[in-house]
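Student: I would like to go through the aromatic rings and the helix packing here. Can we take them in turn?

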Amino acid sequence: MMIAVPITGELKFYPLSGADLRFSMSTTVFFFILLWSRKIHPILAGFLTGSAVVCFRIILDKVQVGSFDFPNHFPVFFYYMVFGMFFHIFKVKKLYHRPLLIGLLGMVLEIMGNVTEMTIRHFTTDMKMTTSSFLIIIGVAIIRSFFVLGFFNTILVRETRLAEEQQKKRTEEVLLLVSNLHVEMFQLEKSARDAEKLTSACYAIYRDLKALNNQKQAQAMLKIAGELHEIKKDNQRIYAGLSKLMAKEKLDDFMNIQEIISVATISNKNYSELLGKTIGFQVRISGEHPEYRTFILLSLINNLVANAVEAIHQEGQIVVTVEKVQDLVKITIKDNGNGISKKNKAYIFEPGFTTKFDQAGIASNGIGLSYTKSVIENLDGKINLIESSKEKGTTFEVQLPVVNLMKKG
């Protein structure tokens with residue numbers, strides 16, 4: 001500020017020919033920096049900047065004409081001092097939400113600063129304040145104040161948009177994380193139920209073996225039952241920990257379908273780019289939809305769209321269609337990948353079945369479609385493989401009751 005303001009002060013014009021009244025860009029820069037900076041104290045800024053301007057002009061005069069002209073330059077100090085002091089008194093920095101008021105106050109501050117400077121010049125240099133010069137001061141103050149305000153608000157709006165985009169990206173990441181946790185919790189819950197069933201079966205075998213006086217085998221079966229029971233308790237502890245972790249994230253449990261689809265498609269577009277694929281996404285939503293349970297629906301759609309991304313070789317298209325048909329939500333995910341072979345179609349919903357292997361030849365866990373089918377059936381819905389061939393790609397259709405997507409739990 002102490003460097004920029006004195007230099008821009010030399011970019012000046014004289015609105016009245018033959019008069020000493022002059023205007024420059026320095027006050028515009030001074031006002032803008034006061035608005036922009038959150039740390040500079042306005043009164044200190046006014047004192048230091050005013051001093052810097054006076055010193056700069058005196059030194060410039062010495063260089064150009066070879067003499068010091070302190071009386072002609074020191075009144076400008078009071079312009080910056082008055083501007084900074086009343087900027088602080090009016091608490092302008094707390095009025096960012098009221099831009100019109102900032103513009104009006106900026107105009108008032110400039111008029112006050114100019115009147116103060118000209119009053120002092122009247123006594124030091126015999127410069128007189130005329131009606132025409134006062135009107136010019138008001139006119140220039142209006143133009144400069146609202147020019148600064150417009151420029152400042154343009155930058156402020158841009159910063160706000162960037163912050164909103166970052167927040168939106170953060171929210172999308174958290175939504176995907178929580179939806180993935182829902183998948184893991186579903187698997188844990190299922191694993192705990194399976195362990196409970198196996199524990200009961202093992203304990204029944206233990207009692208039968210004991211009744212047959214086969215003590216060695218009976219004790220071995222009892223040990224297995226105990227270990228299975230411990231596995232169930234471990235799963236329950238992890239499930240409880242995940243539930244607490246998710247409860248800390250204060251996210252909407254309900255969102256509109258457009259937002260849910262948007263999060264799923266954006267994340268999978270990033271996923272496709274990570275895999276080195278060029279995939280276009282189309283979304284078609286029809287009908288009037290209420291807000292649905294966010295994480296359960298997001299995890300389902302995300303799973304199916306991710307499968308579609310993996311099914312496409314290098315370039316392709318994925319179309320997500322959502323429509324409300326009476327009391328049902330119908331979701332269709334279509335890709336133009338290589339399709340599913342006839343021999344594999346009967347097994348795609350089986351737990352553990354997969355055709356995906358990494359570079360080391362290790363198979364994926366194969367829980368995607370089996371998980372999706374289980375959750376859909378728990379919601380009294382259904383999933384069907386509508387089409388799958390090398391020529392037409394793959395199309396999955398999901399039908400879910402609207403009422404079950406609106407319930408908590």
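Student: How many aromatic pairs does a search of the whole structure find?

Tutor: This is a predicted model, where local features need pLDDT of at least 70, side-chain atom pairs count only at pLDDT 80 or more, and totals for chains, interfaces and linings use all residues. Residues are numbered from 1 along each chain as its sequence is written, and side-chain values use heavy atoms, with hydrogens and water left out. Rings of Phe, Tyr and Trp (its six-membered ring) pair if their centres lie within 6.5 Å; planes under 30 degrees apart are stacked, over 60 edge-to-face, the rest tilted. The number of aromatic pairs found is 18.

Student: What kind of pair do F31 and F83 form?

Tutor: F31 sits in helix α2 (residues 26-36) and F83 in helix α5, 52 residues apart, so the pair links distant parts of the chain. Helices are DSSP runs (H or I, at least four residues) and strands likewise (E, at least two), numbered from the N terminus. The ring centres are 5.6 Å apart and the planes lie at 65 degrees, so the pair is edge-to-face.

Student: Is F31 buried or exposed?

Tutor: Buried means under 20% relative accessible area, exposed over 50%, and partly exposed in between (1.4 Å probe, protein chains only). F31 has 3%, so F31 is buried.

Student: What kind of pair do F86 and F90 form?

Tutor: F86, at 22% relative accessible area, is partly exposed. F90 is partly exposed too, at 32%. Their ring centres are 5.8 Å apart with planes at 45 degrees, so the pair is tilted.

Student: At what angle do α5 and α6 pack?

Tutor: Axes are lines fitted to C-alpha atoms, for helices over the stretch in contact; angles run from 0 to 180 degrees between N-to-C directions. Helix α5 spans residues 76-89 and helix α6 residues 99-124, with axes 8 Å apart. Their packing angle is about 145 degrees.

Student: How many residues of the contact of α5 with α6 are nonpolar?

Tutor: Contact means heavy atoms within 4.5 Å. In α5, F83 and F86 are among the residues that meet α6, whose side includes L109 and I120. Ala, Val, Leu, Ile, Met, Phe, Trp, Tyr, Cys and Pro count as nonpolar, Asp, Glu, Lys and Arg as charged, and the others, Gly among them, as polar. Four residues are polar, three charged and ten nonpolar.

Student: What is the phi of K91?

Tutor: Most residues other than glycine have a negative phi. K91 is found in the loop between α5 and α6. K91 is not a glycine, yet its phi is positive, about 50 degrees.
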